[in-house]
Structures are given as structure tokens and as C-alpha cells.
Amino acid sequence: MYMPERYQLEFHPEYSELDRESLMEIFTKHFPGFTDSRMRAMSRQQLISLIQEQEGFIVPEEGSGDLSDMPAPVGRYSRKEVYLPKSMAPGQGMYYCWEGADAAVEAAISLAKGDVSTREWNLGEDVPEGSLLLTVLGTTPPLVAAMETVTSVTEEKVYVEPLGVLSDPICLYDLESMIDSGLPRSSKALSLSTGKRVLKSLHKLVKEPQQLVISAGQCLNGSDPHSNDAVHALAMLQRDYEDVPLCDGCGRDVGSETSVHFFHPHDGLRKWDIQDHVDETGLLCQDCHALVHGPTKKRLQKVLSAAPRCPECGEGNPRRALWGDPAIFDDDNFVIMGCVLPIGPGAEWVCRNCETPYAVVAHPETLMPEDWVQSILENKRSRKSQ
């Protein structure tokens, strides 16, 4: 895989193998004024870059080694507010919703979007109104993802009010250890005593998240091994609404059809904090992932011909403009533009949000594969800095 020069330099072979605790120990020797919480708010990339600047491996930017002029680091991820009830109300129960491995990433997308009504949840039985609903993703390892309150129940649907998406990684194993009991790998109501212990332990885990060290799988062209599903799901849980579920490369809305791409050399054996894996990955659609691993002109043209975002409002997933006047045509993915062609290029797309017609003229031969990889990296970095 092609890797931009700055990434070749910054991922020093010695430091790329180290876990976060080891990096923080080295970092403290160079920057003793940094607090533990401030270091934990930094990505692996920030830690490694500053260490290497101090050791002369890369040329530092002017003033970058001066703590007095150094800005506070941007948080590593989109921390989301969680409003857990202090205790369970009289007569209130807790229902445990287990989303298996095949549905975990899709469930994470729905939770991140705040639109849990658009998919079929694995409830398995009737959930009483007023219950607390705890959702756990059956990833490797399993992650505690969200808590909601059941507001009403009909024959067709269960309506909920979100209390919060748990964007800090909380491993189910840690929760089980704290309550000194195993939890099911299927959806079911918890006993009253178990529910109370779960809620009390979650308060502690939200306040003081435990480190979760995992070995993610290798980066595969266009697909994810099960060992990457926890990284994938957590990356989705931490995204802002407008970024879900967009491809980090082309910006298209591709639903759950993304896969994890590692921007560092990855053999599938590195044991890192799960957040470090998330920080150094991108979520790419099949076309962009294939392009990064094996750039070809045909793949590049396919990506460039994909639906572009609206230049007026930035919305993705437009409808294709169809010129002509067919007698019978009913497809929401197209807009009939009529038979009178405009002077100059006609609209190729129509925005679903603001209805702006627009065209995009692309010249694939002027865009080299390494430029495409660099654009993906810059896209990811700019989102993390916002």
C-alpha cells in the first residue's frame, strides 16, 4: 500500500509497536508538565510525533516543543453526553438487548444517528413500558453501547427515549466483573437485583472508563474480519450525526457497507488500546478501500463517478437527473428533467434535501492514486479536528 511521506516518517518502527502506556511513559520523560488526563486525550499520532520531534527523528514545527505555546489537544473522539438515572424507580425493570455479531455494526449506526426506529431490534419478547433498555453489541469483545427508557409499547413497536450512547469504550467483560456475575448472550429481562447492580456499575464505568486492549485483525480489501468489528462499531458510536454512515474517502452515504482501513502498517498482531485502533483507522466503502490497497485507473474512475455531495447544502445521496420525458416512470432514485436541454452541461444530480440540481465534471487522468490516498487522510484528520 502507498503511504504518504509524513506517515512513513512519523510511524517510527520502534514506536509503532508500543502500546499507549509505554508511549505515555516515554512522553512523560520529554514533557514532564503534561497531566495524565491530557496525554490520554491525545491520539497515538500526536504522542509519537511529539516524542520524535524531541528526539530529532523528525524536524519539529516552530514552537511545537514549547509547552507554553502548545494548544490543548483536541479530544480523541466525539464524547457524547450520557444521562444515566441515579437509581431504578420502584417497579422499574431493566431489559437487556443483545445485538449479535452480524447486526452489531448496523446497530451502532442506528444508535449514533439517534434513529433507533428505522431497524428491527433483537428484543425477543415483550418489554414493559417504563423499563430501562440496555443495548450490548456482540462484537469481539462485546461492547456496552447505549441505555434508553421504554416510553410506550404497541402491538407493532416499542418506543424509546435515548438516555445516551456510551461512546467511551465499555467492555461487557468489565461490567460482568464489577457485578460479579455473567450476563446473557441473548436478549432477555434482567432480575431486579442484577439490574440494580448493572446500573450502579455503569455509573462507575462511565465516570472512569477501563482500558480495553485488543488485537485487531488485518486490514482486508473491502471486508472486515470479525476481530475488527469492535473497532468498526466503536468508530461508528463516536461519530457525529452528520458523519454517519459516510465513507471517509468519497463522503458517500453507504449505510453499513463500510470496512475498517488501517493507515499504519498492520499485521493483525498489535495489542493496542481499542481507542488507539479507532484513532488510526478510516471507515471506507468497498470502492475506496479497494482503491487504497490496489490503485488502478478503472477503480479511480468508478469512485469519481459516484454520487457527489450537494455543493449548496453538502447533503449526500442525491437523485440522478434523467433527461427526457418517459410516459411511465416511477423511481425515487431519479428525477425527470424534461426534454429541453439547457445550454452547456446539464444537471447530473438533484439534491434530496434542498433540491439543487448540479453537475460534476471529473478528469480522472489528472488525479494520481497517491493523491486519492492523501485526500482520504486529510478528510479524516479534518473531521477529527472539528
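Student: How many residues of strand S1 (residues 94-99) are buried?

Tutor: Bear in mind that this is a predicted model. A residue counts as buried when its relative accessible area is under 20%, and by that cut-off six of the six residues in S1 are buried, so that the strand is mostly covered.

Student: What joins S1 to strand S2 (residues 132-137) and to strand S5 (residues 188-190)?

Tutor: In general, strands of a sheet pair through backbone hydrogen bonds, either parallel or antiparallel. Here, S1 and S2 run parallel and are joined by six bridges, whereas S1 and S5 run antiparallel, with three bridges between them. Tyr-95 illustrates both pairings, as its bridge partner in S2 is Leu-133 and its bridge partner in S5 is Ala-189.

Student: In what order do the strands of the open sheet that contains S10 and S12 follow one another?

Tutor: That sheet has four strands, in the order S11-S10-S12-S13, and its pairing is mixed. Its edge strands, S11 (334-338) and S13 (357-358), each pair on one side only.

Student: How many bridges join strand S10 (residues 319-323) to strand S12 (residues 349-350)?

Tutor: Two bridges join S10 to S12, and these strands run antiparallel; to locate the pairing on the model, look for Arg-320, which stands opposite Trp-349 in S12.

Conventions
Residues are numbered from 1 along each chain as its sequence is written. This is a predicted model: local features need pLDDT of at least 70, side-chain atom pairs count only at pLDDT 80 or more; totals for chains, interfaces and linings use all residues. Side-chain values use heavy atoms; hydrogens and water are left out. Buried means under 20% relative accessible area, exposed over 50%, partly exposed in between (1.4 Å probe, protein chains only). Two strands pair if DSSP finds at least two bridges between them.
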